[in-house]
Amino acid sequence: KVAIKGIERELICPACKELFTHPLILPCQHNICHKCVKEILFAFEDSFADGGSESSNQSSPRIRIAASSMDSIDRINRSGIKRNSLTPRSTLFPCPSCQRDIDLGERGINGLFRNFTLETIVERYRQAARAAIAIMCDFCKPPPQESTKSCMDCRANYCNECFKVHHPWGTVKAQHEYVGPTTNFRPKILMCPEHEMERVNMYCEICRRPVCHLCKLGGGHANHRVTTMSTVYKTLKEKLSKDIEYLISKESQVKAHITQLDLLLKETECNSERAKQEASQSFEKLYHILEEKKSAALRAIETSKNIRLEKLQTQVEEYQGLLENNGLVGYAQEVLKEADASCFVQTAKQLHVRIQKATESLKSFRPAAETTFEDFVVDTAKQEDILGDLSFHSSGLEIPEINEEQCRMYNKALISWECPEKADSADTYVLEYHKLNKEEESVTWQKTEVCGKSKVLSDLDDDSSYAFRVRGYKGSICSPWSREVIMRTPPAPVFSFLFDDKCGYNDEHLQLNPRRTSVESRAGFPLLLGSERLQVGCYTTLDYIIGDTGIAKGKHFWAFSVEAYSYLVKVGVVPSNKIQKLFHNTHDVTSPRYEQDSGHDSGSEDAFFDSSQPCTLVTLGMKKFFIPATPAAPKDPASRILPLPSCLGICLDCDRGRVGFYDAGRMRCLYECEVDCSDLMYPAFALMGGAAVHLEEDVTAKYREYHDDI
């Protein structure tokens, strides 16, 4: 029998760190106090209202929101209605135990089950903890006697005599359920939180929670597999009993593990002290090297200073000798007083040379030594970078690798990386990136800390190349930097639109998905009927579809992908004044009569074909990209055929009147031409036969998580 005092850790609320009070079961199967849930939701509302500031993070004295949980504030849906002071309006918060985002739905806290079993265990623990404090009878005349029973139906405590008086034999009250003295009176029947008047009598195996018969008939569990409560009770009780028996039977093994863990604790203490000493010695070596370098640098500066001062002082003395009655001038004046010619000539010849040198020095004055010490400036930029990256390196943390296939550059940048499966996984990662600029001599890396293995960046410039690298951290240990990966952003801001299902849309030949982000041409019965025109030497026409939003000015970019099985697809732009002509073109553009390569040797056919087209389009199909035949294009047809990129992009510059077609994966221009942008311009697509086009989705903060779930 497990001692009640040994399970206290299981009875502590993870939010308030106190014994559970009216515990509720969260969808992640962790428990939390009813009051704590409300306070957490209120705290998140207040934090969001104050912009997530640190001061607003202390709205409750019992609850402290972790810093990692503050990222969830942005996902809370806020309306303009002021909240009720008793009921939190928000229904999204992180579980204090596992940090998983919990969405309580429309019913909020009322949709959670109360954990009566845990509540009873907590009450038994409280009674054991306050065994010296007796629970008195609620019905005794003063002085009250100590209670011996508690009636769960009457929700009151009784001594033996009072219980007999209030529960006489042979009456309905005699059938009441009674337990030992307690202050915790829980309901006898567990009611459904969604249908308050119905008791739960089934268990949903999909949602793993008790439900009532109304939930199964027409509620949220109508199509779920359910079983009877008695069956689940029996099954879970058998499993729990077997597991408990197994743990009890392994008591000796558990004790051996505890002994081993105690040894590991001591070994960890010793190893940590040894690691501290080694780290301290390493830094002491660095300090010693720096002190030596510092002393050498200071000595060199001091020596240079003394030499320069000596030179300057000598120069000062020389110039002082040029003053009247002082030094050289004074000596020369005395020599001039010599009357003997031979003696004067003997002395004055060398003196005259010295006087000439002094005269020349006056004409071209130059200090004997430099006053600046620019040659003694210590450049520590590289050493500072190295010291900034100084950390514990471990062979257990492998170098993460940026996965270029999973990375995306669109309206935002999605950078994704992965680590070898055999290596220890890092707790956090640091992603660094910088813009490639030839003019800048030094590189300044921008840094961001990431908990997962992907990051969405939104502060990158258009039409620019960036270098990315990542490293993993596990505590104080870090891995080396990954290989740098260079990626390029789109040439212009991303233009978002959907396929237009109204203007000229042919639902017999084309099929849109519900979100209007994909279009597919149907090669069905209507197409077979149209193929009857083959008898008169003419093929079926193209089916056009345009975007639902136009462009009036500026520079814009959008991307899409074409299925590999597509036979013929045309993409480009169309002005608003030619949309009707696009959908009601009298010419059959796929007729052999108007084929550009129909065999005619004159250029009149191509000229007529180009002038007859209402829009600027390029041809794709059969995994190929066809560069239009223009005077500037290569004459060899084979050189105008390129492999079809996995993702294509179109850049429309209305101000310059240019449209470019890009390999959106590498952001490389494949073809560019002039276009008349005097009217509103719309993205245009044309399909024939089996073909499909998918618009590229915008990158959002939840993009990677959404696609991982798929």
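An open sheet of seven strands, paired in the antiparallel sense, has the order 22-23-34-25-30-31-32. Strands here are DSSP runs of E with at least two residues, and helices are DSSP runs of H or I with at least four residues, both numbered from the N terminus; two strands pair if DSSP finds at least two bridges between them. Strand 22 (510-512) and strand 32 (668-674) stand at the edges, each with a single partner strand, so one side of each has no neighbour in the sheet. From one strand to the next, the twist averages 20°. Such angles run from 0 to 180 degrees between N-to-C directions, and the axes are lines fitted to C-alpha atoms, for helices over the stretch in contact.

The model is predicted: local features need pLDDT of at least 70 and side-chain atom pairs count only at pLDDT 80 or more, while totals for chains, interfaces and linings use all residues. Residues are numbered from 1 along each chain as its sequence is written, and side-chain values use heavy atoms, with hydrogens and water left out.

Serine 521 stands opposite alanine 691 in strand 34.

Another open sheet consists of three strands in the order 10-9-11, with antiparallel pairing. Strand 10 (209-211) and strand 11 (226-228) are its edges; each has a single partner strand, so one side of each is left without a neighbour in the sheet. The twist here averages 40° from one strand to the next. Strand 9 (residues 202-204) pairs with strand 10 over three bridges, and tyrosine 203 stands opposite proline 210 in strand 10. Helix 5 (residues 229-249) lies across strand 9, strand 10 and strand 11, running at about 80° to strand 11.

A pair of helices comes next. Helix 7 (residues 327-335) and helix 8 (residues 341-363) pack at an angle of about 150°, with their axes 11 Å apart. That makes helix 7 roughly antiparallel to helix 8, a term for angles over 145 degrees. Contact, meaning heavy atoms within 4.5 Å, involves residues including Leu328 and Tyr331 of helix 7 and Phe344 and Arg354 of helix 8.

Finally, glycine 105 lies in the loop between strand 4 (101-103) and strand 5 (113-114). At 31% relative accessibility, glycine 105 counts as partly exposed, that is, between buried (under 20% relative accessible area) and exposed (over 50%), with a 1.4 Å probe and protein chains only.

Note on methods: Angles under 35 degrees count as roughly parallel, over 145 as roughly antiparallel, 65 to 115 as roughly perpendicular and the rest as oblique.
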